Amino acid sequence: MPRPVRQHDPVPRPIRLPAEGCRQEEVAGLTWKLVNRKAETVTFLKTKTSRLRTIRLDPDTLTMLTALPHFLGSDAVFWHGKGARYLNVSSRFREMVRSAQRVGTPFRPFRCHDLRHGFAIRSLQNGWDIYALPKHLRHSSVRTTEIYLGYVPARAGTKTGTSITVSPG
């Protein structure tokens, strides 16, 4: 059951979706009508490539979305103030990183977009097909995705140094 509506939500929560490979502006513009809880998917209308993009949500992300408070009169999933969507995700993310550093949280600073890169690398490490991943990430070419192969640890006995399937799919 969703949490009750709150009038102000000062903490942005769009961090989980870049970890799913989403771009930060896709997440910032996400509206509830684009979230299909039953199908466990999210569809993005405004993408870098101007093409619709639908991704399947993992159970943790779906749980996080289900627990988010709704703002009456706004369809924005991630909102602040009086229901407005976040407009400057990068600077807000940097602000959160600085805040964590001030209280002594031990970690190396990173950009919000680095979560997307991390998703791509982990997906390849976990055996995603090199032709399926660019479709999920909405890369215009598999060559863009191949850049991440350099970050995948080599495994003995495989042609590319990974266990990745490279046959067209």
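**Salt bridges in close-up**

**View 1. Arg 23 pairs up with Glu 26.** The closest N and O atoms of this salt bridge sit 3.6 Å apart; the term here means a side-chain nitrogen of Lys or Arg within 4 Å of a carboxyl oxygen of Asp or Glu. Both Arg 23 and Glu 26 are buried, where buried is under 20% relative accessible area, exposed is over 50%, and partly exposed is in between (1.4 Å probe, protein chains only). A quick note on the model: it is predicted, so local features need pLDDT of at least 70 and side-chain atom pairs count only at pLDDT 80 or more, while totals for chains, interfaces and linings use all residues. Residues are numbered from 1 along each chain as its sequence is written, and side-chain values use heavy atoms, with hydrogens and water left out.

**View 2. Glu 26 also reaches Arg 53.** Here the closest N and O atoms are 2.4 Å apart. Glu 26 is buried at 4% relative accessible area, and Arg 53 is buried at 1%.

**View 3. Glu 25 meets Arg 85.** This salt bridge has an N to O distance of 2.9 Å. Glu 25 lies in helix α1 (residues 24-28) and Arg 85 in strand β5 (residues 84-85), 60 residues apart. Glu 25 is partly exposed at 39% relative accessibility, and Arg 85 is partly exposed at 29%. By the salt-bridge rule, the count comes to three.

Notes. Helices (H or I, at least four residues) and strands (E, at least two) are DSSP runs, numbered from the N terminus.
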